[in-house]
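Me: Could you walk me through this structure with a few questions and answers? I would like to look at its domains, its ligands and the sites listed for it.

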Amino acid sequence: SLAGVDLRAEIDRLRKDRNAVILAHYYQKPEIQDLADFVGDSLELSKKAADTDADVIAFCGVRFMAETAKILSPEKIVILPDMAAGCSLEDSCPPEQFKAFRAKHPDHIALTYINCSAAVKALSDIIVTSSSAETILSQIPKDQKIIFGPDKHLGGYLARKFDRDMLLWPGVCIVHEAFSETELLKLKAQYPDAPVAAHPECPPHIIDHADYVGSTSGILQFVKTSESDTLIVATEPHIIHQMEKAVPEKTFIGAPGADGNCNCNICPYMALNTMEKLYVALRDLEPRIEIEEDVRIAAKKSLDRMLEMAA
Ligand code: 13P
Ligand code: SF4
């Protein structure tokens, strides 16, 4: 039993012993964000994983993020506190179906959101994150036909913004899908001066009411620099922890779901990681991410293109 174990102290001891770096996404529990060596959005976390000189990467996020770390740094041991930490976008896009879809559209390139399996990355041409998608899309010639998957909302947002047709894979993030337009409008009526910052994984009926649309790091930057002292945040609510640390004098209100509060918008996959599981993972160096070498090499090609084009 772990009763009586000082988890924070043990994690600190183990990270030194193992020469481990702890990377965490903004959707992790506050206690995990607070002990991480680095907290960031998907692009920043990928870059950190590619550049670290640690021997072990303890990834506090979801599986596709830890897989990305392993693809970019294959010589490192990459551990994920709970291997069941998946993603609804990844689940929506089985590699065989994606392969068949690509085969039907041979004149299209596949621009693929990083929220997918290593196998789907291996079947893609260029990976994007929400913070790199616009820069990358703007470098692709107008006449190049594009398949965008697996997030139809991010794809739809980019298609509208760039006035560019793309074939969209029908996946959604269950977390951002759960925001209620009716409840958001009620909140806006209650706080008429509060800007809305939204993640592009939100459906268009939420994006339409947003003053800022961007990645988690983009949203964080927006709320820090905004002149408003009250802001509405339409993304996973654990990011509010970072906002309260950065600008404690401001008030942040999580955009609501249909029940009028933001608790239904907690990512159930991200929430699987706990201090206990992180401690056990650092102690046992398990569960470990392993990727077949041919898949890894093919996936690395599309990830490297992202890193080049996003630079
Ligand atoms: P970013 O942190 O890159 O904005 O991604 C958000 C997300 O939903 C990750 O699962
Ligand atoms: Fe996937 Fe959405 Fe959770 Fe991000 S927040 S891991 S996109 S289900």
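Here are some questions about the domains, the ligand shells and the listed sites.

Reply: Happy to, and please note that this is a predicted model, in which local features need pLDDT of at least 70, side-chain atom pairs count only at pLDDT 80 or more, and totals for chains, interfaces and linings use all residues. Residues are numbered from 1 along each chain as its sequence is written, while chains are lettered from A and ligands numbered from 1 in the order in which they are written.

Me: Which domains make up the chain?
Reply: Domain bounds here come from an automatic or database domain assignment. The chain is divided into domain 1 (7–84 + 270–290), domain 2 (89–172 + 298–310) and domain 3 (176–265).

Me: Which elements give two or more residues to the side of domain 1 that touches domain 3?
Reply: The centres of domain 1 and domain 3, taken over C-alpha atoms, are 27 Å apart. Still, 10 residues of domain 1 are in contact (C-beta atoms, placed from the backbone, within 7 Å) with 8 residues of domain 3. On the domain 1 side, the elements giving two or more residues are α2 (30–35) and β2 (38–40), where helices (H or I, at least four residues) and strands (E, at least two) are DSSP runs numbered from the N terminus.

Me: Which residues come nearest to ligand 2?
Reply: The shell around ligand 2 has 10 nonpolar, 2 polar and 2 charged residues. Of the 14 residues around ligand 2, those that come nearest are C87, S88, C173, V175 and C267.

Me: Is C87 buried or exposed?
Reply: C87 sits in the loop between β4 (77–79) and α5 (88–91). Leaving aside neighbours within four places in sequence, C87 is in contact with V62, F64, N115 and Y269. A residue is buried if 20 or more other C-beta atoms lie within 10 Å of its own, exposed if 12 or fewer, and partly exposed in between, with C-beta atoms placed from the backbone. C87 has 25 such neighbours, so it counts as buried.

Me: Where does H25 lie?
Reply: H25 is among the residues that the unreviewed UniProt entry lists for "binding site". With 26 C-beta neighbours inside 10 Å, H25 counts as buried. Not counting residues up to four places away in sequence, H25 touches L45, C60, G61, M65 and M270. The place of H25 is in strand β1 (residues 20–25).

Note on methods
A residue is near a molecule or strand if its C-beta atom, placed from the backbone, lies within 6 Å of it. Ala, Val, Leu, Ile, Met, Phe, Trp, Tyr, Cys and Pro count as nonpolar, Asp, Glu, Lys and Arg as charged, and the others, Gly among them, as polar. Two residues are in contact if their C-beta atoms, placed from the backbone, lie within 7 Å. UniProt positions are given in the numbering used here, feature names are shortened, and annotations may be inferred rather than shown by experiment.
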